[in-house]
Amino acid sequence: MECKLEIVEQDLNIPGRILLQDKPGWRCRSSLHWHSELEFVYMIHGCMEARVNGQEYRIHDGEFYFVDHEEIHINAAPDKTAVQKYLVVLLSYEELKKYCENLEQYVIHVNGNEKVRGEIDGLLKQLGQDEESEPPYSQVLVNQVILQLYYIFLTKCLKPRVYFPREKGDVRYAKQIIRYIQTHFREKITMNMLADEVGLSPHYMSKYFKAVTNMNLSKYLGRVRVENANRELVSGDRTVTEVALDNGFANVKSYINTCKHVYGMTPAEYKKKQG
């Protein structure tokens, strides 16, 4: 089965994205995929089956499963006609790395970790209630819960990564490319530089990346740059020119065009909408 990278568009107000799903089972099936974000799926009402790095899970009301950074996974609802209500919580791995620089040396052990599941269960339930009721200043509450989850990860869930299992197919090269881009997006990056990084020819690398991720390499690089530039533009008093040049764009026009392509609006319009 083909495995694809999923690009998660994060909410600029929180380090990740939270989705409250309420739909019939036939619409709940995902393809085999992976992403950088840490993921919780919390079942509010219904049943979900999942396979995470070959391990199978089945969750019912009030239960959850966890997907670590870049783990390959797939999920589906066994009952195709019944309405399934569940919460998907996607948390930024890069944000968590700010608190633990050597995070790549660890796996985050949550599934099967009974010591922390009760704590996490309560936090996920709270997120679900906040998403449904949308209380005043709900973003403050959401960020508070996310920080609590990060604290649990770092203090109770880290286990040394003692081996690196072989990836299915050639996914490992895509992960290597993505890690390089996420680290160096503020710098000048050429196709030759990326090809040298993974030991492939530029032509083959471009075709390979598109096949694995369903996204053109240059478009992925532009998306990473524009997401970070927009985050800086919204959260501070910096100008469009400043954030464009500081996030790897050759000029302001390139930033504006990329923003239009990804979000359907200019950076200034995006900032106004978020404000």
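The following questions and answers explain how several descriptions of this predicted model are reached.

Q: What makes the overall size of the chain agree with that of a compact globule?
A: A compact globule of 275 residues would have a radius of gyration near 19 Å, and the chain has 19 Å, so the two agree. Along the principal axes, the C-alpha atoms fill a box of roughly 50 × 45 × 40 Å.

Q: How many helices and strands does the chain have?
A: The chain contains 10 helices and 11 strands.

Q: What share of the residues of the chain counts as buried, and how is that word decided?
A: A residue is called buried when its relative accessible area is under 20%. Of the 275 residues, 46% count as buried. The accessible surface of the chain comes to about 14,500 Å², and 49% of that surface belongs to carbon and sulfur atoms.

Q: What part of the contacts joins residues 24 or more positions apart?
A: Among contacts with a separation of 6 or more, 73% are between residues 24 or more positions apart.

Q: Why is helix 4 called roughly perpendicular to helix 6?
A: The axes of helix 4 (residues 171–184) and helix 6 (residues 202–213) cross at roughly 100° and come within 10 Å. Angles of 65 to 115 degrees count as roughly perpendicular, and therefore helix 4 is described as roughly perpendicular to helix 6.

Q: Which residues make the contact between helix 4 and helix 6?
A: Helix 4 contributes Val171, Arg172, Tyr173, Ala174, Ile177 and Ile178, while helix 6 contributes Met205, Tyr208, Phe209, Val212 and Thr213. By class, this contact has nine nonpolar residues, one polar residue and one charged residue.

Q: How do you know that helix 5 is roughly perpendicular to helix 6?
A: The crossing angle of helix 5 (residues 191–198) and helix 6 is roughly 85°, and their axes come within 9 Å. The range for roughly perpendicular is 65 to 115 degrees, so helix 5 is placed in that class relative to helix 6.

Q: What residues form the contact of helix 5 with helix 6, and what are their classes?
A: Met191, Asn192, Leu194, Ala195 and Val198 of helix 5 meet Pro202, Met205 and Ser206 of helix 6. The contact has six nonpolar, two polar and no charged residues.

Q: Is arginine 225 buried or exposed?
A: Arginine 225 lies in helix 7 (residues 217–235). Its relative accessibility is 10%, and so arginine 225 counts as buried, the cut-off being under 20%. Leaving aside residues up to four places away in sequence, arginine 225 touches Phe185, Glu187, Lys188, Ile189, Asn247, Gly248 and Phe249.

Q: Why does glutamate 94 count as partly exposed?
A: Partly exposed is the class between buried, under 20%, and exposed, over 50%. Glutamate 94 has 33% relative accessibility and therefore counts as partly exposed. This residue belongs to helix 1 (residues 93–97). Glutamate 94 and glycine 16 are 78 residues apart in sequence, and their C-alpha atoms are 9.9 Å apart in space.

Q: What class do tyrosine 204 and glycine 122 receive, and why?
A: Tyrosine 204, found in helix 6, has 42% relative accessibility and so counts as partly exposed. Glycine 122, found in helix 2, has a relative accessible area of 36% and is therefore partly exposed.

Q: Why is tyrosine 137 called exposed?
A: Exposed means over 50% relative accessible area. Tyrosine 137 has 71%, so it is exposed. Its place is in the loop between helix 2 (114–133) and helix 3 (138–157). Phi of tyrosine 137 is near 60°, a positive value in a residue other than glycine.

Terms used:
Residues numbered from 1 in each chain as written. Predicted model: local features only at pLDDT ≥ 70, side-chain atom pairs only at ≥ 80, totals over all residues. Heavy atoms only, no water. Axes fitted to C-alpha atoms, helices over the stretch in contact; angles between N-to-C directions. Helix = DSSP H or I, 4+ residues; strand = E, 2+ residues; numbered from the N terminus. Parallel < 35°, antiparallel > 145°, perpendicular 65-115°, else oblique. Contact = heavy atoms within 4.5 Å. Nonpolar A, V, L, I, M, F, W, Y, C, P; charged D, E, K, R; others polar. Rg over C-alpha atoms; globule rule 2.2 N^0.38 Å. Buried < 20%, exposed > 50% of the residue type's maximum accessible area, 1.4 Å probe, protein only. Areas by Shrake-Rupley, 256 points an atom, 1.4 Å probe, with all protein chains shown as cover.
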